[in-house]
Amino acid sequence: MSLVIDTEPRTGVSSTSSITLKINGSEKRISIAPWTTLLDALREHLDMTGTKKGCDHGQCGACTVLVNGKRINSCLTLAVMQEGNEIQTIEGLSKGNELHPLQEAFIEHDAFQCGYCTPGQICSAVGLMNEGKAHNASEIRELMSGNLCRCGAYTNIVDAIEEVINKEGRNA
Amino acid sequence: MNPFAYTRAYGVDTALNEKTERAHYIGGGTNLIDLMKENVMHSQLLIDVNHLPFHEIEETESGGLLLGAMMTNAETAYHPLIEERYPLLAKAILAGASPQLRNMATNGGNLMQRTRCYYFYDTATPCNKREPGSGCSAINGYNRIHAILGTSSECIATHPSDMCVALAALDATVHVSGRNGDRTIAFNDFHRLPEMHPEKDNTLESDELITGIELPEKGFKDHFTYIKIRDRQSYAFALVSVAAALELDGDTITDARIALGGVAHKPWRDQGAESLLKGKKATEENFEQVAETILANAQGYGHNTFKIELAKRAIIRALSEATENVHLS
């Protein structure tokens, strides 16, 4: 069995299909072309501009989102490939006005300057914590290497994440 | 990206039947989508193979493991059986890319990734791999990241994978399915040298699909290392990498594997050179001899000539670290 979205030979005419994406717990139905990346689907079709487009080539990490709890580069996957998966973006981390502990820590540690990489940094850090492989600053640095910060706020970013990892570790 | 159609395959037969010369299988998409955005690769149809049932690690009858082709690189590297029995593979995978990319990239896709040669990516320049017959811009161009072993007059690109360097050292086997049935390909025969056809990265037929990667029983867990030398400490491709694995009886070497990354169109093995170590003591002098032998026919192209000496030193250091089983890098 195969789900055929569009099998017409391509002639440059765009062809869209209707898909359902599960984003931050709610189902969103959108009509998109197969070549739409998840990043473009979020930003251009759903007006969810919290997820940022930096390089659009998987090199900077600004577009990091979580799919089934795992961090990925949303610029390098097609929206149609993510049907049925649980997608979480920066918009879905807080509970109402209550910020996610990593969001709190980023503010507390001044872990940004311009803020453009921040949604990707925070989603990546959530993924990092889900993975449970980083236990100290050096491991955090290595396992956050997929997120670039042009302003160079790395020191404070590592401090913010380390604080949350240490706190959660004590609570666990 | 050029417009294309998309289909999701839930069975191997469907995937194989949909495959044409102008269709591509898509796993993680981390390299393919990037190359399509760059207009380097074009597809009429993407066949999503992520729903095929190759997401597990199975024990084989011969005492090894069969890694599902659609498992991600991260799932593989952190799998308890890989950490315990094939730590060389885990270390090599974790030396590559970023956590986000390792969460997306599949094992099969890792084997299929294309070179990161700048000219391959730059559609304004000639490249025999991208456009056969157009010429190689790297040979007389800026070639700092390029190959020093097994090159041809047509192409000096390198294969970018870290995972594949470990798989070469471990003598893995690639399991593939095609319309004419299933077959296995020894890892060393999977990727090819450029010769006169650099457009062909590997020996897979156009309809074939990778379904698994088999590891033989021997995992060299007591004496191994993966050293990756690069321009920054994390999230960069190798200038030179070495997967070294030794079997020792006291301080006598009974088996040795050395695979190099970043130096050739495929993970580079020289079994003749490796056999020089068998029955010898694990000493720096013997390591120097094997390093000289492996690089004896190396050729630099100017900017990358430093890789010849770098590779020799990396081999010696890797063999020393494997002997002591210390992992400094």
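A cavity is a set of grid points where a 1.4 Å probe fits but cannot get out. Keep that in mind as you explore this predicted model, in which the second largest cavity has a volume of about 40 Å³.

**Cavities**
- The count comes to two cavities of 30 Å³ or more.
- The largest cavity has a volume of about 80 Å³, and 17 residues line it, with C117(B), C127(B), N128(B), C136(B) and C155(B) the closest to its centre.
- Its lining divides into 10 nonpolar, five polar and two charged residues.
- The second largest cavity is lined by R114(B), T115(B), K129(B), T158(B), H159(B), P160(B), D201(B) and H265(B).
- One of the lining residues of this second largest cavity is nonpolar, while four are polar and three are charged.

**Helix α2 of chain A**
- Helix α2(A) spans residues 101-108, and its buried residues are L102(A), Q103(A), A105(A) and F106(A).
- After α2(A) comes D110(A), which has a positive phi, near 50°.

**Strands β9 and β10 of chain B**
- Strand β9(B), residues 224-229, is mostly covered, with five of its six residues buried.
- Its pairing with strand β10(B), residues 240-249, is antiparallel and runs over six bridges.
- To see one bridge for yourself, look for T225(B), whose partner in β10(B) is A244(B).

Key: Residues are numbered from 1 along each chain as its sequence is written. Chains are lettered from A and ligands numbered from 1 in the order in which they are written. This is a predicted model: local features need pLDDT of at least 70, side-chain atom pairs count only at pLDDT 80 or more; totals for chains, interfaces and linings use all residues. Side-chain values use heavy atoms; hydrogens and water are left out. Buried means under 20% relative accessible area, exposed over 50%, partly exposed in between (1.4 Å probe, protein chains only). Helices (H or I, at least four residues) and strands (E, at least two) are DSSP runs, numbered from the N terminus. Two strands pair if DSSP finds at least two bridges between them. On a 1 Å grid over the protein atoms alone, a cavity is a set of points where a 1.4 Å probe fits but cannot get out, and a pocket is an open set with protein on both sides within 12 Å along at least five of seven lines; lining residues have an atom within 4 Å of a point. Grid points are joined across faces, edges and corners, and a volume is the space filled by probe spheres set on the points. Ala, Val, Leu, Ile, Met, Phe, Trp, Tyr, Cys and Pro count as nonpolar, Asp, Glu, Lys and Arg as charged, and the others, Gly among them, as polar.
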